Amino acid sequence: MLKITDLRASLEVEDKEILKGVDLEVQAGTVHAIMGPNGSGKSTLSYVLSGKGGYEVTQGSAMLEGADLLEMEPEERAAAGLFLAFQYPVEIPGVGNMTFLRTAVNSQRKARGEDELSATDFLKEIREKAKALKIDADMLKRPVNVGFSGGEKKRNEVLQMAMLEPKMCILDETDSGLDIDAMKLVADGVNALRSEGRGFLVITHYQRLLDHIKPDVVHIMSEGRIVKSGGPELALEVEHNGYTDILSEVA
Amino acid sequence: MALANPKQTATEARIAALTIPESGWTAPARKAALARLRKEGLPDRRDEYWKFTRPDSLVTPEVPKAATFTHDEGPIFGERDRLKIVFVDGVFDADASDDLSMEGIEIGMLAAEQGADIHWARDLYGTLEERGQDPVDRPLAALNTAAATDGVLIRVTGKPSKPVSLIYRHQSDTSDAVLHHVLRVESGAALTVLENGPAAARLNKVMEIDIADGGTLHHVRAQGRDHDRRAVTHIFARLGRESVLKSFTMTANGRLTRNEAIVELTGDDAVVHIAGACVGDGANGGEFHHDDTVFITHNAENCESRQVFKKVLRNGAVGVFQGKILVKAGAQKTDGYQKSQSLLLDGDSQFLAKPELEIYADDVACSHGSTSGAIDETALFYMRARGVPHREATDLLTLAFLGEAIDEIEDRDLGEEILARIESWLARRR
């Protein structure tokens, strides 16, 4: 599904290398988790994959089902099936949540040469999916993320994911700022989307999210590289011993 | 004899090119306005009040040419039930207009009623314009009172069933229209006035609005899209106790536009909202300069004034905002609000703003904010990451920015119509 090979990227302004040769492959139907200390490059990896400005890719590749992500505009990556759940979902005053989501769904369909979703079909679908995430009609009408609580913002991200039905989902610290109940709700939403044809990359600091979204593979990232990979037990090891032990072990 | 200065010379040259009626009920007001004009002199670029906008092409005797602009969109407000009054290059077109009679309103034409003596209009014509000359000179308005060739005289006595729609068509490349409307809203009466169209190659328009206690006037205007047109417009309004004036203007295109609104709140608990949404593109050898100049005087207690102006500028377009709130001694519990923002879509465009507050009462709440900025890149990336293409995302953010001004229109349907126009204007420039 997603194949990253020797990916190196720097900050454009400072010419500072953040990703120093990332190798990673996520197969369809699997959930991979990336853990790592602050500043290890986890979020940068998600930004580089989704096409955020400010980074320069100096080497390597990132392919989504054989298509070169790095050659595409952010909207093209989205239409190709890539989805990034933001760590800090952006507030957009004046743009209604529903309007935004409908524009996004139909832009993607248009880009893929599919028919646009009719207003009625869209409404039916969004109501159903919003209900499962406990998102009420008022939240759908309000401007995108404006005045939403931390939990509401993350639920809104999962709603977007559910509506856009991407192939490859990257969750960037989706658990940050959430209490345990909100985290469960978000995890349930994500789990409902797990399917054979879909890959997940879950970026997190803590093991607790992985109690709810059970990963198949866990990677440890440090200083811009994947330094260790293993099964779910690797996350527990981090939880018990911290990163220092693991990092000294691989160093 | 003193030597004529350049300002005097320019003023006399302009006056010489005007025809000023010397008889009829407006004659005394015209004579007085002409004297005001001579005393003040026409504006030039050295005037403080014209620091950001060059008045040259608005004051010359000859009119800079302006080609008419054709487009396939139907005229705005076209689907609406309304009483239409049509002017072509500033001349009333009776055949294209509706019958002027309607329940709750008296409508006359300034040119046609010259011989009649309409007391209410005689008391108003030029009166509010003259009041608005202090403390700032507005010579182009005095010129208008002196030389206006036509306009509507509207007295609202009830609540007419549909809006009055003033339609300004532009046909001649060199037309120079001078229109002067007088509106009197009687106690408890209410009306909606719509205006649309470019009017002429050059338009000088004054609207005097007198709203008695408890009266309401809603005003929504769409200034015509002709690229080369020029316009200077003034609204002079006086508001009585518990009266309401809400005025909104949409401007897209036009080489030069200066819209002034001078409002005096004279009765307690009156409310005035003045808003504007403007989109300007200086591309393709075009020029776009739009100036909103507002002066609100609070001269009574517990009144509310709100100014909301939003401008979207690209390709060297220029936006100007000069807005003042003057709170006179004794105007306690005043609630004054002023917001003026511009969205600059590139580095060539500019926004010049001069917000002012002058307050002589001690129990008031006044605020003003003026900003200019670019598209929010974070929001733009967020939208693109969801699959919305760059240009569509930019348009959505642009409309969201203008939305706050459009929301000032009380009638939701009218607001939607304005929004749709701006949406298609943006879409044509993708």
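Predicted model: local features only at pLDDT ≥ 70, side-chain atom pairs only at ≥ 80, totals over all residues.

Mentor: Residues are numbered from 1 along each chain as its sequence is written, chains are lettered from A and ligands numbered from 1 in the order written, and side-chain values use heavy atoms, without hydrogens and water.

Trainee: How much area do chain B and chain A bury between them?
Mentor: Contact means heavy atoms within 4.5 Å. It takes 28 residues from chain A and 16 residues from chain B. Buried area is the accessible area (1.4 Å probe) that two parts lose on being put together, summed over both. Of this area, 68% lies on carbon and sulfur atoms, and the total is about 1800 Å².

Trainee: In chain B, which residues lose the most area to chain A?
Mentor: Three residues together make up 44% of what that side buries. They are Phe381(B), Tyr382(B) and Arg386(B).

Trainee: Which residue of chain A does Arg386(B) meet in a salt bridge?
Mentor: A salt bridge needs a side-chain nitrogen of Lys or Arg within 4 Å of a carboxyl oxygen of Asp or Glu. The rule finds three across this interface. For Arg386(B), N to O is 2.7 Å, and the partner is Glu157(A).

Trainee: Which helix gives the largest share of the side of chain B that touches chain A?
Mentor: Helices here are DSSP runs (H or I, at least four residues), and strands are E runs of at least two, numbered from the N terminus. Helix H7 (377-385) and helix H8 (390-406) of chain B each supply at least two residues. The largest share is seven residues, from H7(B).

Trainee: Which residues of H6(A) does H3(A) meet?
Mentor: H3(A) brings Asn97(A), Phe100(A), Leu101(A), Ala104(A), Val105(A) and Gln108(A). Their partners in H6(A) are Asn156(A), Leu159(A), Gln160(A), Met163(A) and Leu164(A).

Trainee: Which residues does the cis peptide bond in chain B join?
Mentor: Look in the loop between helix H5 (127-131) and helix H6 (139-147) of chain B, where Pro135(B) is found. Omega is about 10°, and the bond joins Asp134(B) and Pro135(B).

Trainee: What is phi of Asp15(A)?
Mentor: Asp15(A) sits in the loop between strand S1 (2-11) and strand S2 (16-26) of chain A. Phi is positive in this residue, which is other than glycine, and its value is near 55°.
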